[in-house]
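I set aside a page of my notebook for this one.

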Amino acid sequence: MSHAKSDLNDGPVARQLARLSAPMSVGILSVLAVGLADAFFLARAGASELTAVGFVYPVIVAVSAFSVGLSAGANTALSQARGRTETDRKVACLALHACILGTGIGLGIALALWALAPWLFSLLGARGVVLDNILAYLPYWIASFPILVLTMILNAAFRAAGDGVTAAIIMVITAVLNIALTPALIFGYGPLPEMGMAGAGLATLIARAMAVALVIFLALRRGMVSIGTRPFEGFTRSVREMLGVALPAAASRAINPAGMAIVTAAVATVGDTAVAGFGAASRIQAIALVPFFALASGLGPVVGQAWGAGDEDRARAAMRAATLFTLAYGIALATLLVGFADPLARLMTAADAPAEYTAAYLRFVGWSLAGYGLAVAANAAMTGRSRAAWAMGLSLSRIGLIYIPFAWLGVLTFGYEGILAAAVATNIGAFWGALITTSATRIGPTDTALVRIPAARIAALAPAKAAQRQQG
């Protein structure tokens, strides 16, 4: 059966971005709602469970980011193939190769996390009953990770074809199942046993297993994936094409949550209450950033198809539209987070002491989140045009050069307030880094800038780069 597809190079850029991003905002919101639901129910199971979530959340988000990065690699390869007007059979075979590659990498990551979990969380500062809760939760979550990778890659195949609705529906179904099962398995409703934190992990495994069965059925039925008579024909070429984007894209997306895990270790020097409050703030922030993530999920295919078709002006127009959106939404978001900091903090912690840390984070860091949003958009755009290494460099600089060293210096000097100052400085640095990265006019042999900035402004942002350009 021929599958539905869409040429993202037709029509206004802003409309195509909105058509892909709007449904994905619902899908991403539903996925992140699972983390909030886990925190909400586990906070009512006990203080040690809430603290355990504070340690677990950044680590599993970092690992999950690999699935997002692998799907981004598949998305880039598939959207560029569509931009080059490759045959449906070739695109469907490429999608199959992406599924095989991603599932294999997912299994390897899952085994590594299973082996390293006790040592890793002890190193991050988890002790006693908190560590016991973490290790009760993780085996189920780890078993679900290869399933997540396969689901994300198949969702990327739909998005690359211009179908953001199906991908979003799959994400919503997964989240609804997960949230429905979580309290039943944590507290033991009816005939179900009371499993505590392990129940939250089992709920995730069951929901993801059911969702992947549905998305495989839809992908095969619509011809998004083709097994054919020679499924491994061109496999090596496909792997080489995808890994060049997928590995740096996966690393780029994993860097931020991995850095958050290290920052959480810095917060742990303040105390378990601070970890619980900081973790709750991180989950609220993740929900607040959904429009940025949704924009990125739509920006990648639009830029990818435009670049595959050789329409560089359209790719730049997409990045300009994304920049304007991040600035407008960032200002509105900051206003809301400051105004509702206290009620949001109380809702997500169920205790006064952690809520104070959560509210302080939302009030101060909220004003800088537009910078993080622009970095997310820049990463997606650079990945969509096969420059994932540049995206990785931006993420690594943001976390490795600013956030982690400033967070540790800040907490040792000023306590929790130092963590907040480091977060603000990191997002401001990300804003300028994203502008400089996407306005670079010489990336390879051709003019590849995704954003046009007047020469005087570029000189102010990056004097060394401007001087080098004038010499050339």
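How many cavities of 30 Å³ or more does the structure hold? I find three cavities of 30 Å³ or more.

**Ground rules**

I am working with a predicted model, where local features need pLDDT of at least 70, side-chain atom pairs count only at pLDDT 80 or more, and totals for chains, interfaces and linings use all residues. Residues are numbered from 1 along each chain as its sequence is written, and side-chain values use heavy atoms, with hydrogens and water left out.

**Entry 1: the overall picture**

I count 17 helices and zero strands in the protein. Both are DSSP runs numbered from the N terminus, with helices being H or I of at least four residues and strands E of at least two. Of the 472 residues, 57% are buried (buried is under 20% relative accessible area, exposed is over 50%, partly exposed is in between, with a 1.4 Å probe and protein chains only).

I also looked at contacts, meaning heavy atoms within 4.5 Å. Among those with a separation of 6 or more, 81% join residues 24 or more positions apart. The accessible surface of the protein is about 18500 Å², and carbon and sulfur atoms own 69% of that (Shrake-Rupley method, 1.4 Å probe; for residues, only the protein chains shown count as cover).

**Entry 2: the largest pocket**

Lining residues have an atom within 4 Å of a point. Points are joined across faces, edges and corners, and the volume is the space filled by probe spheres set on them.

The largest pocket has a volume of about 340 Å³. Its lining has 14 residues, and Val59, Ala62, Leu120, Ala258 and Ala261 lie nearest the centre. Which helix gives the most to this lining? It is H3, with six residues. Helix H2 (47-83), helix H3 (88-124) and helix H7 (235-268) each supply at least two. By class I get 14 nonpolar, no polar and no charged residues (Ala, Val, Leu, Ile, Met, Phe, Trp, Tyr, Cys and Pro are nonpolar; Asp, Glu, Lys and Arg are charged; the others, Gly among them, are polar).

**Entry 3: the second largest cavity**

The second largest cavity holds about 40 Å³ of space. Its lining residues are Leu70, Ala74, Ala98, Leu101, Gly102, Ile153, Met242 and Ala246.

Is Asn178 buried or exposed? Asn178 counts as buried because its relative accessibility is 4%. I find Asn178 in helix H5 (residues 164-187). Its side chain makes a polar contact with the side chain of Thr204 at 3.2 Å (a pair of N or O atoms within 3.5 Å; within protein, one must be able to donate a hydrogen and the other to accept it, and residues adjacent in sequence count only if both atoms are side-chain atoms). Beyond four places in sequence, Asn178 is in contact with Val34, Ala203, Thr204 and Ala207.

Trp141 sits in helix H4 (residues 128-160) and is buried at 2% relative accessibility. Leaving out residues up to four places away, Trp141 touches Ile60, Val63, Ser64, Leu113, Gly201, Thr204 and Arg208.

Leu78, in helix H2, is buried with a relative accessible area of 3%. Beyond four places in sequence, Leu78 is in contact with Val91, Leu94, Ala95, Ala157 and Ala160.

Gln285 belongs to helix H8 (residues 272-288) and is buried at 12%. What does the side chain of Gln285 make a polar contact with? Its partner is the side chain of Tyr361, at 2.7 Å.

Ala425, in helix H15 (residues 416-438), is partly exposed, with a relative accessible area of 27%. Ala425 touches Ile402 and Phe406, not counting residues up to four places away in sequence.

Key:
1 Å grid on protein atoms, 1.4 Å probe; cavity = no way out; pocket = protein on both sides within 12 Å on 5 of 7 lines; lining within 4 Å.
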